[in-house]
Amino acid sequence: MYYYLDFEKPVAELENKIEELKRIADGRDMNITSEIKRLEKKAKELRADIFSKLTPWQKILIARHSERPQTLDYIGLMMEDFVELHGDRRFSDDPSIVGGFAKFGGMPVAVIGHQKGRGTKDRIWRNFGQPHPEGYRKALRIMKLAEKFLMPVITFIDTAGAYPGIGAEERGQAEAIAKNLLEMSVLKTPVVSVITGEGGSGGALALAVTDKVLILEHSVYSVISPEGCAAILWKKNGSEITQEEYEKSSEALKLTAQDLFELEVIDEIIPEPVGGAHRDPKETAMTLAKVIKKHLAELIKKTVEELVEERYRKFRLMGKVEEGEEE
Amino acid sequence: MAWFKKEKTAITKRVKIPEGLWVKCDNCKEIVYRKEVEKNLKVCPKCNYHFRISAKERILLLADEGSFKEIGENLMSVDPLNFKDQVTYKERLKESLKKSNISEAVITGEAVMGGYPVMLIVFDFAFMGGSMGSVVGEKFTIAAEKALDEELPLISITSSGGARMQEGILSLMQMAKTSAAIARFNRSTLPYISILSDPTFGGVTASIAMLGDIIIAEPKSLIGFAGPRVIEQTIKQQLPEDFQRAEFLLQHGMIDMVINRRELKQTIVKLLSLIDGNSKVKSEKL
């Protein structure tokens, strides 16, 4: 039984009906079986239709879906011999970021990513995938190890953002993120990132200063959450922000994979199964693995100097400015 | 009821302060004489609160007289997302231009400080809250690249609410761009001194501001990653009194020193003389 989002209701109704018919028919009644087939086709078409015209807000709901595959799922589905490493060697271990070494298509790699957790207990323990500075420092430690051992790095990004709390500020959330941006920009090994769910601002970017930045079809990546943006820009004298305003801000921010590709922030969009990655994590992982391998194969051919220089150029060119009149 | 009316007018009279003659301190809420504040480099004479100052005032304060040469002043913001909330981004830009009388949230340029040539990057909170969009990121990066080319120490003074959300993801990318420029600058033996003034938050703290070789903050400045209101709403607790103040950051090992505005320039010059002196010794040895 899937957890359906509101806009999937028409499909949910159909699929429930199909389930019911299947129970009644028990595979024997031929009339019902053909009816089931007809309804299944209809459900598939309906889902494809709904998913072909998702609004940015609906994409956000999919990106945040509680069943959406997470870093440990992808590691399990596309890598072997994963050894998890822990701790930042300074304060603690942050379970909202996981990382370690694994074999990817036979090649040893370092793999790092956000982990939101599954089930209430795990989610609380992992702070819903919102890292403290320790998480970013652990990530950097693993990246520096990868540099030392000449391993490529793959990162999976899925966070609402770096955690806004007292401890996080006391221990230098901003410094931890800034240090990652700086160090990643000159890391002497190929690095590929994939935004697999939510790309929440600096908390996401701290794992995404990479040679290639990939994104799953229904993922989002934004400088601020649409809720945060609406609270600042749409708020009128303490009035409650409405659903409509969230939808407006999510459109204004241009945060869908397709928008980001047009803004030249993303190198490639990876298609998801109809209905979203959570409908078929295995298929998603296989498609994703293929694309990552393709990019890594190209990156590995480059010298360290080329890699670092091209990475600098990539981010150097981001942004749009205009040259005004000389005064 | 005549006495009542009279009293009322008396109160209104007392509350009405002639525009511009007095200012209320944001920190201690005392009403202080504006001229006295200005003579004191815009520092509250009652509580030592450092008022926000414009980029131009800051340059006058730091650069040797007449030494500042602006670069990148012709770079202007565009509206890459066609962003519109209740007003359009284009209108907001125009409004800010009028209000602050500068073309963007940062002024960059070469200057001389106590005889040392330097590259200055100065934020202005009056222009859209000192927020970092493409132009701010570009100006910083150009300044850092030029400083590396011309072997100039890099000095930034931040005052910013963070990334400029009207430029969406492109403003987030400025954090990566500026940090990469600092990484490149770090290949040299030149210093990058970062000065944090009130307020420094979000994406600017998590890139430019916290990457200084030496980090200095002005007294009582609010500095952090997440804004205090966001934190309060998340943790549902009241925050400690000095939370995210410069002194709090010093105590937690996040910055090197808290320096009064009056002593800021001489502190920077002293640091430059020490670092510069050292590099001369090194080159003589080589």
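Colleague: Let's start with charges. How many salt bridges are there over all chains?
Modeller: A salt bridge here needs a side-chain nitrogen of Lys or Arg within 4 Å of a carboxyl oxygen of Asp or Glu. Counted by that rule over all chains of this predicted model, the salt bridges come to 40.

Colleague: Which residue meets Arg64(A) in a salt bridge at 3.0 Å, N to O?
Modeller: Arg64(A) sits in the loop between helix H3 (56-63) and helix H4 (71-78) of chain A, and its partner lies in strand E5 (residues 191-200) of chain A, 134 residues apart. The two side chains come to 3.0 Å, N to O, and the partner is Glu198(A).

Colleague: What is the relative accessible area of Arg126(A)?
Modeller: Arg126(A) forms a salt bridge with Asp122(A), with the closest N and O atoms 3.2 Å apart. Asp122(A) counts as partly exposed at 22% relative accessibility. Arg126(A) is buried, and its relative accessible area is 9%.

Colleague: What share of the residues of chain B count as buried?
Modeller: Chain B has 10 helices and 10 strands. Among its contacts with a separation of 6 or more, 68% come from residues 24 or more positions apart. Of its 286 residues, the share that counts as buried is 52%.

Colleague: Back to chain A. Are H6(A) and H8(A) roughly parallel or roughly perpendicular?
Modeller: Helix H6 (residues 133-148) and helix H8 (residues 173-185) of chain A have axes 8 Å apart, at an angle of about 20°. Angles under 35 degrees count as roughly parallel. That is why H6(A) and H8(A) are called roughly parallel.

Colleague: How many charged residues does the contact of H6(A) with H8(A) have?
Modeller: The residues that meet include Arg137(A) and Lys144(A) in H6(A), and Glu175(A), Lys179(A) and Glu183(A) in H8(A). Sorted by class, the contact has eight nonpolar and two polar residues, and the charged ones number five.

Colleague: Are H4(A) and H13(A) roughly parallel or roughly perpendicular?
Modeller: The axes of H4(A) and helix H13 (residues 281-300) of chain A come within 9 Å and cross at roughly 75°. Angles from 65 to 115 degrees fall in one class, so H4(A) and H13(A) are roughly perpendicular.

Colleague: How many nonpolar residues are in the contact of H4(A) with H13(A)?
Modeller: H4(A) contributes Tyr74(A), Leu77(A) and Met78(A), and the residues of H13(A) include Leu288(A) and Ile292(A). By class there is one polar residue and one charged residue, and the nonpolar residues number nine.

Conventions:
Residues are numbered from 1 along each chain as its sequence is written. Chains are lettered from A and ligands numbered from 1 in the order in which they are written. This is a predicted model: local features need pLDDT of at least 70, side-chain atom pairs count only at pLDDT 80 or more; totals for chains, interfaces and linings use all residues. Side-chain values use heavy atoms; hydrogens and water are left out. Helices (H or I, at least four residues) and strands (E, at least two) are DSSP runs, numbered from the N terminus. Buried means under 20% relative accessible area, exposed over 50%, partly exposed in between (1.4 Å probe, protein chains only). Axes are lines fitted to C-alpha atoms, for helices over the stretch in contact, and angles run from 0 to 180 degrees between N-to-C directions. Angles under 35 degrees count as roughly parallel, over 145 as roughly antiparallel, 65 to 115 as roughly perpendicular and the rest as oblique. Contact means heavy atoms within 4.5 Å. Ala, Val, Leu, Ile, Met, Phe, Trp, Tyr, Cys and Pro count as nonpolar, Asp, Glu, Lys and Arg as charged, and the others, Gly among them, as polar.
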